[in-house]
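Please look over the sequence and the model before reading on.

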Amino acid sequence: PDYIQIIISPGNHDAVRRAEPQPTFSEDIVKEIEQNGRGNIHFTGSPCNLLIEGLRVLTYHGTSLDSVIASIPGMSYSEPEKPMVELLKRRHLSPIYGDNPIVPEARDYMVIDQVPDIMVMGHIHKNGYANYNGTAVINSGTWQDRTDFQRQQGHIPSPCLMPIYNLRYSRLDLVNFRGNGE
């Protein structure tokens, strides 16, 4: 519906540079998607700070979660909210130097300057939720089923479970689009 605003930001498989921060999609891609939209689609880079209904929302694809999981004991792909909390604690979206390419710029766009009310990522392909010092931490999961690569790595995604964060009640609900009770 027109009243739902859609925010699209790039990730590691998209047609933008691999190094972070990632810019928004090219004008050609934006035009292609917008021609099928209803004026309710917004394109951002990754990371991006948004103000939605008075709440600070930090969106980031989450590529650096791989290095956080590999480097900090107790982290795993089955609980993506835990490495996300570690990024909040460190106030940086890519705190481990060398594992994740970062574009050298005058300003470090990976620094978390202001503590967000909501932090959203998706790279891990697994739903995960937490509340850390008043910040709702949400890993959105994926629409894609388990791939051969994920099987080789031992990753178990949670496809077709869409998290919806209720701003009025600060509550997260899941909508299951699989329809088969999984």
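**Salt bridges and a nonpolar patch**

E86 has a relative accessible area of 12%, so it counts as buried (buried is under 20%, exposed is over 50%, and partly exposed is in between, with a 1.4 Å probe and protein chains only). The model is predicted: local features need pLDDT of at least 70, side-chain atom pairs count only at pLDDT 80 or more, and totals for chains, interfaces and linings use all residues. Residues are numbered from 1 along each chain as its sequence is written, and side-chain values use heavy atoms, with hydrogens and water left out.

**Salt bridges in the whole structure**

- The search of the whole structure gives 9 salt bridges (a side-chain nitrogen of Lys or Arg within 4 Å of a carboxyl oxygen of Asp or Glu).
- Three of them are described below.

**Helix α3: E86 and K89**

- E86 pairs with K89 in a salt bridge, and their closest N and O atoms are 3.4 Å apart.
- Both residues sit in helix α3 (residues 81-90), 3 residues apart, or about one turn of the helix. Helices are DSSP runs of H or I with at least four residues, strands are runs of E with at least two, and both are numbered from the N terminus.
- K89 is partly exposed, at 45% relative accessible area.

**A link across the sequence: R178 and D145**

- R178 and D145 meet through their side chains in a salt bridge, at 2.8 Å from N to O.
- R178 lies in the segment after β9 (171-176) and D145 in the loop between β7 (135-140) and α4 (148-153), so the pair ties together parts 33 residues apart in sequence.
- R178 is partly exposed at 28% relative accessibility.
- D145 is also partly exposed, with a relative accessible area of 44%.
- Elsewhere, salt bridges with shared partners join E86, K89 and R90 into one network.

**E79 and K82**

- E79 forms a salt bridge with K82, with the closest N and O atoms 3.1 Å apart.
- E79 counts as partly exposed, at 30% relative accessibility.
- K82 counts as partly exposed too, at 36%.

**Nonpolar surface patch**

- W143, I164, V175 and F177 make up a nonpolar patch on the surface. Together they have about 400 Å² of accessible area (Shrake-Rupley method, 1.4 Å probe, only the protein chains shown counting as cover for residues).
- Patches take residues with over 30% relative accessible area and no salt bridge; like charges are joined within 9 Å, and nonpolar side chains (Val, Leu, Ile, Met, Phe, Trp, Tyr) within 5 Å.
- W143 is in the loop between β7 and α4.
- W143 counts as exposed, at 52% relative accessibility.
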